[in-house]
Amino acid sequence: MATEFDNSLHWGLFLTGTTLTSETGKYVRVSELVLSALRAAGVFSNMVDGIVAPATDKLWLDKNVDPAVLKEWDATGASWVPMSYGRLFGRAAVDKLTVTGGTGNAVVVSQPVGFQANRLYLMTPTQNNSAAATITVAGVGSYGVKYGNGADIGATEFSAGRQAVLFFTGVRFEVVFPLGGLSSAVLAAQASADAAAASASSSSTSASNAATSATNAANSATASANSATAAANAVAALPYNFSTTTTDADPGAGIFRLNNVAPGSATAAYIDNVDADGVSATGVLDNWDDSTSTVRGVLTIRSKANATIRHTYNVTGSVVDGTGYRKLTLAYIGGSGALTNGAGHWLIFNRTGDNASGDVTGPGSSTNNGFARFNGTTGKVIKDSAAVIAIADGGTGQGTAANAFNALKQAASDTATGVVELATGPEVATGTDAARVPSVLTMGSHQGVAKAWINFNGDGTVAIRDSYNVTSITDNGTGDYTLNFTIALANANYAVVGCGRDDAGAGSYNVVCITSITQLTTSCQIRTRAVNNTAIDSDTVGLAIFGD
């Protein structure tokens, strides 16, 4: 039996005739019996009775007075205060479902004390759901989770860490405050509801604290909805219900329609001057064509119940007064989902900026491919110059790049400017093409240009002072050297031209003769001789090689 009748406090119960008394002769009040029964049923599982106050998260049946008084801790006043009937039965109406496992789509919870139908429960999911969901109550059974209209809940209705308020009908759980249907433009306003839910989830398993958290969650959800409306209005969003009628006429207060049942084929919208809240929207609607741009703005139609149902259009013309309603000219951009007759939607409009002040206007007609010139000094008006340039292949009008090049190039001459054709190496070697010019790379191919040359010191350690196409020198002995070419010549029938000298001292020099000994395409062996034909290492040797 519950501790209201603990022998240490009431000593026992005795039925004498029709009167229930304690063993000391004290009467036992009906109110104590009721509280005992409620706690035995699990409604007040967190209630502590006695003469010493419990922890502040408990309910206290204070027996320092007779009759005993049920109290709760008032954090504001920092004192224990009597429990009112409103608070008492409000707490008795809510309990907590503790998630113990499963998945986002198949949640498993432990069985709360006194689990029953027609009661509110709080649950904090540990995973997001991706489709229809069920809740399995341990030891009881599995139940589907629905919205109030009987439809399966949408994806992420259960979000990890976000507390959900559920009503158990006996055959299913229903989401009391569906959050998945809020517009994405206002989901940030949900933070307050999440904070309240987090506060609820940290509560003890007592029905008392759970009820307080449920109240806070409900108030926060209401605040979220109000914030959603405020946020929607902040981006020129208006609440309207959709009608599948497509005729160009006043759809009626709070209603909008399109000129085609398929959102992607609609080119016009008809919106009543009064929105679904009964507020005149005429001033807002009339401002939707204020931009001076061709596209006045972007209109998004979004379902209030399901944020994935949305369609976006460019508003491309003026807002037309249809007497009691407004007409919009639309160009479809994209979207998803079907618009349901009578369903609530947000009309969210984002205005396009005005055209810049430097916009240019032109003549009524112009010459095809003609140059445009400014007319005056305003920077806003252009005129036709009548000067034409073909636009294909770099402005030549030719059909291929090769033809375009031929149309642009000039023959080589002393006065040629612009585009000229480069000669190949063989063409340079021939030396008879007057229409092309050699590149830096092919200039050496000309017959009149040395294929290699060198200036070196052959006395002592051989050292190259400067050269072209000679990579190194091999010292074969006194007055005997081999020149190694960087790039091989076409053949060995080349001419070797050179001279040398040797310092004789006292400001005089000996004449040195150079003789070609062995000519290869990759090298050339030479010898230096004094006038008496003796071998000599010359300190200055210069020679050039001409050929193919």
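**Note on the predicted model**

1. Confidence first. Average pLDDT for the protein chain is 79, and 70% of the residues reach at least 70. pLDDT is the predictor's confidence in each residue, on a scale from 0 to 100. This is a predicted model: local features need pLDDT of at least 70, side-chain atom pairs count only at pLDDT 80 or more, and totals for chains, interfaces and linings use all residues. Residues are numbered from 1 along each chain as its sequence is written, and side-chain values use heavy atoms, with hydrogens and water left out.

2. Where pLDDT is low, the predicted coordinates should not be read in detail.

3. Overall make-up. The protein chain holds seven helices and 34 strands. Both are DSSP runs, numbered from the N terminus: helices are H or I with at least four residues, strands are E with at least two. Of its 548 residues, 35% count as buried. Buried means under 20% relative accessible area, exposed over 50%, and partly exposed in between, with a 1.4 Å probe and protein chains only. Among contacts in the protein chain with a separation of 6 or more, 51% join residues 24 or more positions apart.

4. Main core. The largest nonpolar core has 22 residues. Such a core is a set of buried Ala, Val, Leu, Ile, Met, Phe, Trp, Tyr and Cys residues joined through side-chain atoms within 4.5 Å. L258, W288 and L299 have the most contacts inside this core. Two or more residues each come from β15 (237-243), β16 (255-258), β17 (268-272), β18 (297-303), β19 (310-315), β21 (325-336) and β22 (344-351). β15 gives the largest share, three residues. Leaving aside residues up to four places away in sequence, L299 touches W288, H311, T312, Y313, V315, L328, L330, L347, I348 and F349.

5. Second core. A separate core of 20 residues includes V107, M123, Y143 and A164. In soluble globular proteins, nonpolar side chains tend to be buried together.

6. Eight-stranded sheet. This sheet is open, with mixed pairing and the order β7-β10-β13-β14-β12-β11-β9-β8. Its edges are β7 (94-97) and β8 (99-102); each has a single partner strand, so one side of each is left without a neighbour in the sheet. The twist averages 35 degrees from one strand to the next. Axes are lines fitted to C-alpha atoms, for helices over the stretch in contact, and angles run from 0 to 180 degrees between N-to-C directions. β8 pairs with β9 (residues 106-109) in the antiparallel sense, over three bridges. Two strands pair if DSSP finds at least two bridges between them. G102 stands opposite V107 in β9.

7. Four-stranded sheet. This open sheet runs β3-β4-β5-β6, again with mixed pairing. β3 (47-50) and β6 (79-82) are the edge strands; each has a single partner, so one side of each lacks a neighbour in the sheet. Twist here averages 35 degrees from one strand to the next. β5 (residues 69-74) and β6 pair in the antiparallel sense over four bridges. Within that pair, W73 stands opposite W80 in β6.

8. Aromatic pairs. The count comes to 14. Rings of Phe, Tyr and Trp (its six-membered ring) pair if their centres lie within 6.5 Å; planes under 30 degrees apart count as stacked, over 60 as edge-to-face, and the rest as tilted. F485 and Y494 form an edge-to-face pair, 6.0 Å centre to centre with 80 degrees between the planes. F485 is buried at 8% relative accessibility. Y494 is buried too, at 6%. Elsewhere, ring pairs link F115, Y121, Y143, F168 and F173 into a cluster.

9. Backbone points to check by eye. T156 has phi near 65 degrees, a positive value in a residue other than glycine. T156 lies in the loop between β12 (141-146) and β13 (164-168), and is partly exposed at 41% relative accessibility. N469 also has a positive phi, near 60 degrees, and is not glycine. N469 sits in the loop between β28 (463-468) and β29 (470-477). With a relative accessible area of 11%, N469 is buried.

Definitions and conventions: Contact = heavy atoms within 4.5 Å.
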